[in-house]
Amino acid sequence: MDTRIIFSIVSLLFINFSLVQAQPAIFDITKFGAAPDGKADASQAIADAWKEACAAAGSSKILIPAGKFLAGIVNVTGPCKGAIEVEVQGTNIRFNFITKGLVRDITSLNSKYFHVNVFGCDDFTFEGFKVSTPEGSLNTDGIHIGRSKGVTISNAKIGTGDDCISIGDGTENLKITKVACGPGHGINIGSLGKYENEDPASGITVSDCTLTGTTNGVRIKTWPAMFPNTATNIHFQDITMEKFSNPIIVDQMYCPWNKCNKKEPSKVKISDVSFKNIKGTSATALTVQLICSSGVPCEKVELANIDLTYSGPEGPAKSECIDVKPTIVGKIPERCK
């Protein structure tokens, strides 16, 4: 059964997705008229369930059972008489084709797949969003964004088993700021170029973030061979990294499980990219790795003030640059050759 949950939510305020010790009172949205057919609007049922849960003394649980629910605008507010847990018995929450959306002060706990998938949205904001999933849990990206423009993610705390934030094709004018990432796989653009007719990724800024204990830092990844695309106007700046591997990566030979043609270069053109004011400690000696395409080499790449230290047995911190001639300003680990 396809157990997607589809929401169009303008304002969610003061929701506490907290674990509680006592058995909570359960408010099943189907008892309030919601139908799991993916057609009937479940907005009023969700609002009614919230209203009763909010008024109930002690802890409460709003249950969204397995099925496919469609909701329009849902406004829920507090304060409430007790803690409220929202349990979604599905694989992810999707925000599709929403204009001027706001998700504020919510925690997504132990998702079975991507915590949140944002697609086709315009002017959508995540403020104070939290994600918690055990390290090692597969495919549990915190926030995945695709074919959306004007998305902002700020003051977020994301700990997961996969990408903290993954950015797909067609993402435009994305701002990520004041995000604490870890554990997880870092903040990633891509992978791009796997499918025909992908849309370009452009206007992406990641700033004032902290990554702790992640397997990657900030990364752009594209498939070799496959299909053309572009990634441009991308900037990573004022980032602190601690106890992580692979801090700064452009990987245009991305080939998980070795199931692709590495003999042909990537057809994705990367340009106007900067990594500025990035500091911290690395678990690997190769702290800056720019592997660009021999077919369409990277252009207008800047490395500025990269202060990443490594104290392990592999010697001092290093940089590697292939098919790219970056502009270098200030300090970086062993200049690219």
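## Basis of the description

The model is predicted: local features need pLDDT of at least 70, side-chain atom pairs count only at pLDDT 80 or more, and totals for chains, interfaces and linings use all residues. Residues are numbered from 1 along each chain as its sequence is written, and side-chain values use heavy atoms, with hydrogens and water left out.

Helices (H or I, at least four residues) and strands (E, at least two) are DSSP runs, numbered from the N terminus. Buried stands for under 20% relative accessible area, exposed for over 50%, and partly exposed for values in between (1.4 Å probe, protein chains only).

## Disulfides

A disulfide is a covalent bond between the sulfur atoms of two cysteines. Under the criterion applied here, a pair of cysteine sulfur atoms within 2.5 Å, the count comes to 4 disulfides. One of them joins Cys 54 and Cys 80, with the sulfur atoms 2.1 Å apart; the link is left-handed, with -100 degrees about the S-S bond. Cys 54 lies in helix α1 (residues 43–55) and Cys 80 in the loop between β7 (75–76) and β8 (84–88), so this pair ties together parts that are 26 residues apart in sequence. Cys 54 is buried at a relative accessible area of 13%, whereas Cys 80 is partly exposed at 25%.

Cys 164 and Cys 181 form another disulfide, with 2.1 Å between their sulfur atoms. The torsion about their S-S bond is about 80 degrees, so this disulfide is right-handed. Cys 164 belongs to the loop between β16 (149–159) and β17 (165–167) and Cys 181 to strand β18 (residues 172–181), so the pair ties together parts that are 17 residues apart in sequence. Both Cys 164 and Cys 181 are buried. In the disulfide of Cys 292 and Cys 298, the sulfur atoms are 2.0 Å apart; the torsion about the S-S bond is about -100 degrees, so the link is left-handed. Cys 292 counts as buried at 5% relative accessibility, and Cys 298 counts as buried at 6%.

Cys 209 is in no disulfide: the nearest cysteine sulfur, that of Cys 181, is 8.6 Å away. Cys 209 is buried, with a relative accessible area of 2%.

## Aromatic pairs

Rings of Phe, Tyr and Trp (its six-membered ring) pair if their centres lie within 6.5 Å; planes under 30 degrees apart count as stacked, over 60 as edge-to-face and the rest as tilted. A search of the whole structure finds 8 such pairs. Among them, Phe 97 and Phe 119 are edge-to-face, at 5.6 Å centre to centre and 90 degrees between the planes. Phe 97 is in the loop between β9 (93–96) and β10 (99–104) and Phe 119 in strand β12 (residues 116–119), so the pair ties together parts that are 22 residues apart in sequence. Phe 97 is exposed, with a relative accessible area of 61%, while Phe 119 is partly exposed at 29%.

The ring centres of Tyr 113 and Phe 114 are 4.6 Å apart and their planes are at 10 degrees, so this pair is stacked. Tyr 113 is partly exposed, with a relative accessible area of 36%, whereas Phe 114 counts as buried at 12%. Phe 95, Phe 124, Phe 126 and Phe 129 form one aromatic cluster.

Arg 219 lies in strand β21 (residues 218–222). Arg 219 is buried yet has no salt bridge, a term for a side-chain nitrogen of Lys or Arg within 4 Å of a carboxyl oxygen of Asp or Glu. The nearest side chain of opposite charge, that of Asp 163, is 4.4 Å away; Lys and Arg count as positive and Asp and Glu as negative, while His and the chain ends are not counted.

The side chains of Arg 219 and Asn 188 are joined by a polar contact of 2.4 Å. A polar contact is a pair of N or O atoms within 3.5 Å; within protein, one must be able to donate a hydrogen and the other to accept it, and residues adjacent in sequence count only if both atoms are side-chain atoms. Leaving aside residues up to four places away in sequence, Arg 219 touches Asp 163, Ile 187, Asn 188, Ile 189, Ile 249 and Tyr 254, where contact means heavy atoms within 4.5 Å.

## Surroundings of Asn 246

Asn 246 is located in the loop between β22 (225–244) and β23 (248–251) and is partly exposed, with a relative accessible area of 27%. Its side chain reaches the backbone oxygen of Thr 215 at 3.2 Å. Not counting residues up to four places away in sequence, Asn 246 touches Thr 215, Asn 216, Gly 217 and Thr 284.
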